[in-house]
Amino acid sequence: MLENFEPKDVFYWFEELSKIPRCSRQEKKVSDFLVDFAKKRNLEVYQDHENNVIIKKPATPGYESKPTIIMQGHMDMVCEKVKGSSHNFCEDPLKLQVKDGWISAEGTTLGGDDGIAVAYALAFLDGNYPHPNLEVLITTQEELGMEGALAVTGEHLTGKYLFNIDGEVENELLVGCAGGVTITSVKELKTVEPTLKDAYKIEIEELTGGHSGQEIHKSRANSIKIAAQLLDKISGKVELISLTGGSKHNAVPTTAVIELFADNEAIEELKNKAEELKKNYKISDPNMKIVFTSIDSGEKVWTCETLKAVVETLIAVPDGVCYMDPVLDGLVETSLSNGVLEQKDGKLYLTTLLRSSNKARETEVKRRFELIVTSNGFEISDNGGYPGWQYDPDSALRVKAIEVYKKQFGKEPSVKTMHCGLECGILKIPLPNTDMITFGPDMQAIHTVNERLNIESVGRIWEFLKTLVISLD
């Protein structure tokens, strides 16, 4: 499929990776593939208990005295597919397609985030390009809170410089990022037998969605919040069976499903509210659908008190941008994204990702969130979070990367920090003296079924990478 595109070796390895299932927490196959790749080439390789892989390649002649470079990315991908797709992410290869100079996958996410970093690294390890000593670090579970990076000890890493090839905008060099914490709110559901006869399923779907860090400022609809607005203050009789939404904690949720019993008056009111909600989001979410279907159900329903507490909680909790950065114009400082709502074993679970580059603001917003959910009977816990990556004003790597970029492209790159979490923040703990930078080729709509990777941009960043590798002292 990609054999006619340049750089050929990069696209060869990208296509090979696309044949291997690699959803987060299901990386064993691709991790073993990387280990086997290294062994076949007699390269030094390490695989840890989290399936992170480190591959080392000695310097090419003439570059032995140059400082060691770490190339870093993650092997896992967000696995999303279109409604009705039969694709099995545990077994099936991705079906790549090319249109108008962009690579995407048929009906699924592409895994360009971060398969392209792995492809760049494999091309270097397999080819004859000049380079100093190379240490390639490919981590797991990045999309679930960077859990693979948290297991990296630095025992096998000595690099002076680290290239985190996880950027998605070609003209951006990233030099810092926000930290984050994943919050889980749990409420026990009290249920009773239904008194109404007619049951319905309401499906909220085809919202725009997107990455909850990079696109949180675009005010796109959150399907969980839409569901709560739909159920708020319904004057007719409603008895709720279930309420679920979203699938990834770090993506703006695009779907939600409500199952309930309702009388005719309530259904008509719900349909009217659905039309109003679609109008309200016609700019950010023009394809939003809210579909009503009659169903058969013998399930118990939530008590009125439970329904009221849950809906009012989901209405009240913050979602989206909380604070903009007071210094860096246009940068989000603190945000919340309510990404997943699950109902299982008689309990309701809300998963929320809080991001911030300001620890005081993070603490404040977390406390505000906690007060709302606990006052309505939820219990709250968190995963401990991950650190931000602080801007280094003395970074020699940043200076050299800007110089190489200007020489190659004839213009200044955009040097910025970002609101997403990057593995650099975590890797700085075991590698405190390693100078780091993030970059990558143009990608769009990551974490969605519309994800795509620009072919020409891959080539330009490849040339930039090759030059940067041999330019550092």
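Trainee: In the second largest cavity, how many lining residues are nonpolar, polar and charged?

Mentor: Start with the general idea: rolling a probe the size of a water molecule over the atoms shows where empty space is left. This is a predicted model, and in it the second largest cavity has a lining of four nonpolar, two polar and four charged residues. The space inside comes to about 70 Å³.

Trainee: Which residues line the second largest cavity?

Mentor: Val-175 is one of them, and so are Trp-389, Gln-390, Tyr-391 and Asp-392. The lining also includes Ser-395, Arg-398, Lys-428, Asp-435 and Met-436.

Trainee: How many cavities of 30 Å³ or more turn up in the whole structure?

Mentor: Three, when the whole structure is searched.

Trainee: Okay, on to charges. How many salt bridges does the structure hold?

Mentor: General idea again: side chains of opposite charge can pair when their charged atoms come close. Here the count is 28 salt bridges. Take Arg-25 and Glu-147, whose side chains meet with an N to O distance of 3.0 Å. Arg-25 sits in the loop between α1 and α2 (28–40) and Glu-147 in helix α4 (residues 147–150), so this pair ties together parts that are 122 residues apart in sequence. Arg-25 is exposed, at 54% relative accessible area, while Glu-147 is partly exposed at 28%.

Trainee: Which residues are linked in a network of salt bridges?

Mentor: Glu-333, Arg-361, Glu-364 and Arg-368.

Trainee: Now the backbone. Where should I look for cis peptide bonds?

Mentor: Keep the background in mind: most residues other than glycine have a negative phi, and most peptide bonds are trans. In this model, a cis bond joins Glu-6 and Pro-7, with omega about 0°. Pro-7 belongs to the segment before α1 (8–18). Another cis bond runs from Asp-113 to Asp-114, with omega near 10°, and Asp-114 is part of helix α3 (residues 112–126).

Trainee: And which residues other than glycine have a positive phi?

Mentor: Glu-206 is one of them, with phi near 60°. You'll find Glu-206 in the loop between β11 (199–205) and β12 (210–211). Asp-345 is another, with phi near 50°, and that residue lies in the loop between β19 (332–344) and β20 (347–356).

Trainee: Are Glu-206 and Asp-345 exposed or partly exposed?

Mentor: Glu-206 is partly exposed, at 41% relative accessibility. Asp-345 counts as exposed, at 75%, given that the cut-off for exposed is over 50%.

Definitions and conventions:
Residues are numbered from 1 along each chain as its sequence is written. This is a predicted model: local features need pLDDT of at least 70, side-chain atom pairs count only at pLDDT 80 or more; totals for chains, interfaces and linings use all residues. Side-chain values use heavy atoms; hydrogens and water are left out. Helices (H or I, at least four residues) and strands (E, at least two) are DSSP runs, numbered from the N terminus. Buried means under 20% relative accessible area, exposed over 50%, partly exposed in between (1.4 Å probe, protein chains only). On a 1 Å grid over the protein atoms alone, a cavity is a set of points where a 1.4 Å probe fits but cannot get out, and a pocket is an open set with protein on both sides within 12 Å along at least five of seven lines; lining residues have an atom within 4 Å of a point. Grid points are joined across faces, edges and corners, and a volume is the space filled by probe spheres set on the points. Ala, Val, Leu, Ile, Met, Phe, Trp, Tyr, Cys and Pro count as nonpolar, Asp, Glu, Lys and Arg as charged, and the others, Gly among them, as polar. A salt bridge is a side-chain nitrogen of Lys or Arg within 4 Å of a carboxyl oxygen of Asp or Glu.
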